[in-house]
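Here are some notes from going through the model. Keep the viewer open while you read, and follow along point by point.

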Amino acid sequence: MTDTAPLASIAADLSGGRTSGLRFLDDKGALAIVLDVTGIAADDRKPLEDKLRAGLLEQPGVNEVRIAMTAEKKAMTIIAVGSGKGGVGKSTLAANLAVALRRLGVKVGLVDADIYGPSQPRLMDSEGVKPEARGSKLAPVPNAYGVPMLSTGQIAAPGQAIAWRGPMAGKALEQLVDASWGDIDTLVVDLPPGTGDVQLTMIQKHKPAGAVIISTPQDLALMDATRAVSLFEQADVPIIGLVENMAGYACPHCGEVSDPFGSGGAEAAAGTMGLDFLGRVPLSMGIRLASDGGVPPAAGTDPAGEPFHAIAAKVADWLNARKKGS
């Protein structure tokens with residue numbers, strides 16, 4: 001019997017220790033081997049396969065190499081971004097949180113789960129770009145900010161109303177989350193406002209690691225945010241913290257800061273509920289113009305991006321603490 005130990009050692013060196021099960025299939029030099037590609041981006045798998053095959057074919061007695069690639073299904077860390085009502089800046093926060101986490105070195109993707117009102121394609125400057133199929137799964141759409149994303153807004157025709165019942169919306173969410181994410185290990189999921197079917201599907205089928213809740217400072221918004229917190233707590237999904245949006249407006253002419261929506265409400269609510277307060281984002285013309293133009297403020301170094309960087313740093317600390325504790 002041919003001793004395959006030297007070939008197995010060579011294969012391990014070529015693949016970085018990712019090979020196993022090396023054996024000859026016949027006496028004509030046909031070699032079979034298993035290559036574990038878990039965690040390797042789809043575009044990087046073929047070059048590794050080619051390198052392994054070429055290296056083994058150089059060895060005496062090897063005339064053919066059959067490589068079976070396998071990959072364990074990776075457990076994604078999902079961060080849900082939710083709110084109790086619409087119009088509080090949830091999608092803007094989700095986009096900038098993802099971009100800021102990427103700048104901190106997190107391998108992050110973005111899912112626009114706001115099935116009926118998708119806005120991430122505009123925020124991430126990827127309108128009109130259709131996701132491709134990779135086998136039976138969707139391939140996320142790349143962008144200039146290094147955060148691959150998927151949204152129903154990239155699937156439906158522009159301006160088309162998405163009139164789906166709950167089961168269809170749940171199926172759409174499943175396709176977006178269970179996509180071909182490659183080496184991405186953390187997903188920021190922009191949930192629709194409220195506590196309906198899509199939120200329940202996300203919690204039951206995909207179990208977020210944690211949730212970020214966003215609210216404006218006034219009492220009515222905080223009442224709805226409290227309901228969103230309650231939904232996640234009932235499902236044993238940890239609340240990473242609360243964010244207060246539209247917190248203060250600086251007059252561009254005189255610089256005076258006013259509080260059209262009040263001030264400090266979300267921070268006070270976080271204290272009352274025993275939750276962390278992640279930070280506040282001002283009501284800013286710069287943030288609005290950049291977002292409408294598909295340029296997340298967190299992608300740059302302007303002051304408009306600073307609140308998002310500070311919030312992302314706290315979320316990154318939470319993720320690191322979770323990894324150390326697992």
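**Notes on the predicted model**

1. Let's begin at the loop. Keep in mind that this is a predicted model. Gly-86 sits in the loop that links strand S4 (77-82) with helix H3 (90-103). With a relative accessibility of 44%, Gly-86 falls in the partly exposed class, because that class runs between 20% and 50%.

2. Gly-86 also turns up in the annotation. The unreviewed UniProt entry has a "binding site" covering Gly-84, Lys-85, Gly-86, Gly-87, Val-88, Gly-89, Lys-90 and Ser-91. That label comes from the record.

3. Now for Ser-91, another of the residues under that annotation. Ser-91 belongs to helix H3, and its relative accessibility is 11%, so it counts as buried. Leaving aside neighbours within four places in sequence, Ser-91 touches Ser-119, Gln-120, Leu-123 and Asp-190.

4. Which strands pair with S4? Strand S9 (residues 186-190) does, in the parallel sense and over 5 bridges, with Val-188 of S9 as the bridge partner of Ile-79. Strand S10 (residues 210-215) is also parallel to S4, over 4 bridges, and here Ala-80 stands opposite Ala-211.

5. Leaving aside neighbours within four places in sequence, the contacts of Ile-239 include Ala-211 and Ile-213, along with Val-229, Phe-232, Glu-233 and Leu-275.

6. Over to the N-terminal part. There is an open sheet of 3 strands in the order S1-S2-S3, with mixed pairing. S1 and strand S3 (64-70) are the edge strands, each with a single partner, so one side of each has no neighbour in the sheet. On average, neighbouring strands here are turned by 15° against each other, direction ignored. S1 and S2 run antiparallel and are joined by 4 bridges; Thr-19, for one, has Leu-35 in S2 as its bridge partner.

7. Two helices lie over these strands. H1 lies across S1 and S2, at about 145° to S1, while H2 lies across S1, S2 and S3, at about 150° to S3.

8. Which residues of H1 (residues 5-15) are buried? They are Leu-7, Ala-11, Leu-14 and Ser-15. Viewed down the helix axis, they fall within an arc of 85°, so they line one face of H1. The buried residues of H1 pack against strand S1 (19-24), strand S2 (30-36) and helix H2 (42-57).

Technical notes:
Residues numbered from 1 in each chain as written. Predicted model: local features only at pLDDT ≥ 70, side-chain atom pairs only at ≥ 80, totals over all residues. Heavy atoms only, no water. Buried < 20%, exposed > 50% of the residue type's maximum accessible area, 1.4 Å probe, protein only. Arc of directions from axis to C-beta. Contact = heavy atoms within 4.5 Å. UniProt positions renumbered as here; feature names shortened; annotations may be inferred. Pairing = 2+ DSSP bridges. Axes fitted to C-alpha atoms, helices over the stretch in contact; angles between N-to-C directions.
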